[in-house]
Amino acid sequence: MKSYFDITGDGGSDVLGQVARQRARIKENLSGVRHMVAIASGKGGVGKSTLTMQIALALRAGGSRITILDADLNGPSQARLGGLSHAPLVPGPAGLSVPASRAGIGILSMGTMIPESQSLEFDSVAEGDSHIWRSTREFAALADLLATVAWGDLDFLLIDLPPGAERTFQYAEFFGEGTAFVLVTLPSALARGVVSRSVSALRRAPNRILGYIENMSGYLCPGCGQVKPLFPTADDVDLDLTHLGSVPFDPQLAALSDAGEPMPADSPSEALAATRSIASRLIQELEKTS
Ligand code: ADP
């Protein structure tokens, strides 16, 4: 039996060549995309997916061409948020074509291909697959998508990232320095503490961090009409980032998100106004730094 010590070089696999070729294909395939922006946090449940969709809707209303890449392969949300359930990727002349929501936002999400009742499973190489192996498979699957999907000409490719502070850094490395980052937090010390870890991890990467969004910053009490705090505000955890805006908790937004419907354009919702203002701020920041 051969051991690793008997293998000289790459054993004839040309693994480095394969990686270089795939990188080149990805670069070429994404050449029509103007801005790549990852929406991250480190923390789960803070509203990354919801705000990714809200920002996409606001940018779309301004005439931009947008696709959302739901990088959370195992916990996809964008299919539901975009009101798409069964919409597989269809092969076309330029590659796999991305389904679009009724609002005209391209949505690449495992959720359009696999029903919510099923989890995404990667074939095992051994019993008790390690976490590391699974995450390697996830990155390989994402790389295949980046290389084979017909992204076309886009103003924005928004990437909805899964949680995990260290993973946030891994995604920065994976997508490369051309991808800018936006972090989402809640006002609480718990959430800001985790986001702070993500920021410190991200500072090791060359990627631009455009700033942070504070989500669920207060709740409009329907009974008394006042905005009340949902979480204790933790100003003592300094994120040392540009504050792009704050979005209040809006029960209508939660309900419409579950139903995969956008807010009516004339809604008086403060959350809608806040996400529109954040979208314009994002454009300003991207133009400032690019
Ligand atoms: P994450 O992507 O960070 O895990 P989600 O976007 O899935 O978080 O949001 C978690 C839950 O909170 C969802 O049910 C979503 O509808 C709700 N939610 C997020 N932000 C708001 C908001 N500003 N107002 C109302 N509900 C919100």
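This is a predicted model: local features need pLDDT of at least 70, side-chain atom pairs count only at pLDDT 80 or more; totals for chains, interfaces and linings use all residues.

Let me start with helix H2, which runs over residues 48–61 and reaches 20 Å from its first C-alpha to its last, close to the 20 Å expected for its 14 residues. Is this helix mostly covered, or mostly open? H2 is mostly covered, since eleven of its 14 residues count as buried, and among them are Leu-51, Met-53, Ile-55, Leu-57 and Leu-59, together with Lys-48 and Ser-49. Just after H2 comes Gly-63, which takes a positive phi of about 100°.

Now to the pockets. In general, rolling a probe the size of a water molecule over the atoms shows where empty space is left. The largest pocket has a volume of about 930 Å³, and of the 28 residues that line it, Arg-23, Ile-26, Glu-173, Phe-174 and Phe-175 lie nearest its centre. Two or more lining residues come from each of helix H1, strand E1, helix H4 and helix H5, and H1 gives the most, with seven. Sorted by class, this lining has 14 nonpolar, nine polar and five charged residues.

The second largest pocket has a volume of about 720 Å³, and its lining of 44 residues includes Ser-49, one of those nearest its centre. This brings us back to H2, which is among the elements that give two or more residues to this lining, as are helix H3 and strand E8. Here the classes are 20 nonpolar, 17 polar and seven charged residues.

Note on methods. Residues are numbered from 1 along each chain as its sequence is written. Side-chain values use heavy atoms; hydrogens and water are left out. Helices (H or I, at least four residues) and strands (E, at least two) are DSSP runs, numbered from the N terminus. The expected span of a helix is 1.5 Å times one less than its number of residues. Buried means under 20% relative accessible area, exposed over 50%, partly exposed in between (1.4 Å probe, protein chains only). On a 1 Å grid over the protein atoms alone, a cavity is a set of points where a 1.4 Å probe fits but cannot get out, and a pocket is an open set with protein on both sides within 12 Å along at least five of seven lines; lining residues have an atom within 4 Å of a point. Grid points are joined across faces, edges and corners, and a volume is the space filled by probe spheres set on the points. Ala, Val, Leu, Ile, Met, Phe, Trp, Tyr, Cys and Pro count as nonpolar, Asp, Glu, Lys and Arg as charged, and the others, Gly among them, as polar.
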